[in-house]
Amino acid sequence: MISRYSRPAAVAIWSQETRYRIWFEIEAHAATKMAELGTIPASAAEAIWAKGKDVVFDADRIDEIERTTKHDVIAFLTHVSEIVGEEARFLHQGMTSSDVLDTCFAVQLARSADLLVEGVDRVLAALEKRAKEHKLTPCVGRSHGIHAEPVTFGLKLAGYHAEFQRAKRRLLTAREEIATCAISGAVGTFANVDPAVEAYVADRMGLAVEPVSTQVIPRDRHAAFFATLGVVASSVERLAVEIRHLQRTEVLEAEEPFDPGQKGSSAMPHKRNPILTENLTGLARLVRSAVVPAMENVALWHERDISHSSVERGIGPDATIHLDFALHRLAGVVERLQVYPANMEKNLNLLGGLVHSQRVMLALTQAGVSREDAYAAVQENAMTVWRGEGRFLDLLKADARVTLPATQLEALFDLGYHTKHVDTVFARVFGAA
């Protein structure tokens with residue numbers, strides 16, 4: 001993660017200060033419940049909270065201790081002991097390092113998921129506004145990059161809105177699945193820590209209880225979480241690529257915002273490049289790069305090893321911070337997207353009416369012509385237009401095989417035919433008006 005592609009709220013979740021604060025809260029909440037159960041003196045739990053709740057833990061001091069201990073949680077507990085004093089000996093009773101690390105990681109991922117959902121909500125709001133603005137703005141639909149049939153720009157955006165609705169649901173599911181707490185001891189048997197402690201810490205930290213933790217929370221949860229981030233990133237990229245295509249000089253149906261004073265090229269002053277959406281494509285690749293390592297983390301040895309640890313220290317902050325940034329950048333692009341209906345109309349008419357070929361073919365079949373003969377007649381005239389040798393409607397009228405009256409043929413070129421169900425699609429996506 002680099003500051004260029006990060007927002008402060010997302011970065012703060014992964015700061016050393018935040019991590020150590022979460023670690024302390026896990027330990028202190030556990031101590032509170034242990035005191036209630038009579039495992040440790042109530043005075044010790046009270047002292048831990050009193051002396052530690054407002055402290056900013058010294059990351060440099062913890063690093064100094066860890067250089068000797070080679071163990072981050074022990075280094076942290078040693079530092080807490082320096083702050084709390086004698087009562088600190090009652091910290092971490094019956095607990096193991098993963099109880100702290102995994103529960104903290106769950107809190108950080110859950111908080112990150114909340115930010116990601118906020119980002120998706122901003123994308124959804126932008127897409128809905130722009131889709132309704134261009135609900136009936138006609139443009140050409142493309143398959144294989146080639147002109148197909150008319151659509152509307154609003155329908156394009158409605159499709160992306162539906163996709164990001166699914167993204168939001170996936171993120172909410174991923175958050176629920178990742179937000180579990182494990183305070184179960186060395187190999188997850190609760191031999192030295194009461195399950196009630198786990199339940200109490202889970203409640204205080206806003207988590208669910210992990211049903212079975214072997215010493216670690218099972219990593220299938222994390223694999224599913226990062227896979228979800230990868231899918232959401234791919235949705236970001238799909239919309240970004242669409243905008244990039246629409247901004248091409250030969251198309252220019254839509255364009256990223258280009259601000260006063262902005263420069264597109266160090267060499268060519270005329271350039272207006274799709275740098276924001278190109279950046280989003282790159283960020284999506286970074287987010288997806290976390291998915292395979294997360295999958296490979298699932299198969300740990302026996303009750304626990306730490307092969308997952310180094311991976312998660314990287315992919316946890318990197319994937320969540322990059323996706324958070326990407327979602328807000330995408331929302332900004334959609335909010336300020338420059339849309340050019342005149343160019344959409346020009347491109348729609350570029351092939352002289354060929355986009356209506358299917359409707360002509362279907363009308364011929366309904367008039368009694370076989371599908372094969374209808375297809376052949378329409379295609380032959382269409383290929384003549386492709387070669388720049390006439391207008392589609394004129395050629396059809398002159399073709400004896402096209403037995404439809406001229407007035408009926410002309411009616412088949414009505415754009416309104418292709419937009420008659422826009423309201424139906426919009427109701428599906430946005431709800432009844």
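The second largest pocket in this predicted model has a volume of about 340 Å³. Its lining is made of 16 residues, and those nearest its centre are Leu 354, Ser 357, Gln 358, Val 378 and Ala 382.

- Sorted by class, the lining of the second largest pocket holds 10 nonpolar, four polar and two charged residues.

**The largest pocket**

- The largest pocket has a volume of about 530 Å³.
- Of the 22 residues that line the largest pocket, Trp 23, Asp 72, Leu 101, Ser 309 and Arg 313 lie nearest its centre.
- The elements giving two or more residues to the lining of the largest pocket are α2 (16–37), α6 and α12.
- Among these, α6 gives the most, with seven residues.
- The lining of the largest pocket divides into seven nonpolar, six polar and nine charged residues.

**The cavity**

- Rolling a probe the size of a water molecule over the atoms shows where empty space is left.
- There is one cavity of 30 Å³ or more in the model.
- The largest cavity holds about 50 Å³ of space.
- Its lining consists of Phe 153, Leu 157, Tyr 160, Leu 239, Glu 242, Ile 243, Leu 246, Ala 254, Val 334 and Leu 337.
- Two or more of the residues lining the largest cavity come from each of α7 and α9 (220–247).
- Helix α9 supplies the largest share of the cavity lining, four residues.
- By class, this lining has nine nonpolar residues, no polar ones and one charged residue.

- Asp 72 and Arg 313, both named among the residues nearest the centre of the largest pocket, meet through their side chains in a salt bridge (2.8 Å, N to O).
- This pair links distant parts of the chain, with Asp 72 in helix α5 (residues 72–84) and Arg 313 in helix α12 (residues 307–335), 241 residues apart.
- Are Asp 72 and Arg 313 buried or exposed? Asp 72 has a relative accessible area of 13%, which is under 20%, so it counts as buried. Arg 313 has 52%, which is over 50%, so it counts as exposed.
- Lys 168 and Asp 121 form another salt bridge, their closest N and O atoms being 2.9 Å apart.
- This pair also links distant parts of the chain: Lys 168 is in helix α7 (residues 153–178) and Asp 121 is in helix α6 (residues 97–133), 47 residues apart.
- Lys 168 is partly exposed at 26% relative accessibility, and Asp 121 is partly exposed at 30%.
- Glu 389 and Arg 387 have side chains that meet in a salt bridge (3.5 Å, N to O), and Arg 387 is exposed, with a relative accessible area of 51%.
- Arg 61, Glu 64 and Glu 82 are linked in a network of salt bridges.

**A nonpolar patch on the surface**

- Which residues form a nonpolar patch on the surface? They are Ile 146, Met 383 and Trp 386, with about 290 Å² of accessible area together.
- Trp 386 sits in helix α15 (residues 371–386), and at 47% relative accessibility it counts as partly exposed.

Conventions:
Residues numbered from 1 in each chain as written. Predicted model: local features only at pLDDT ≥ 70, side-chain atom pairs only at ≥ 80, totals over all residues. Heavy atoms only, no water. Salt bridge = Lys/Arg side-chain N within 4 Å of Asp/Glu carboxyl O. Buried < 20%, exposed > 50% of the residue type's maximum accessible area, 1.4 Å probe, protein only. Patch = residues over 30% accessible without salt bridge, like charges linked within 9 Å, V, L, I, M, F, W, Y side chains within 5 Å. Areas by Shrake-Rupley, 256 points an atom, 1.4 Å probe, with all protein chains shown as cover. 1 Å grid on protein atoms, 1.4 Å probe; cavity = no way out; pocket = protein on both sides within 12 Å on 5 of 7 lines; lining within 4 Å. Points joined across faces, edges and corners; volume = space filled by probe spheres on them. Nonpolar A, V, L, I, M, F, W, Y, C, P; charged D, E, K, R; others polar.
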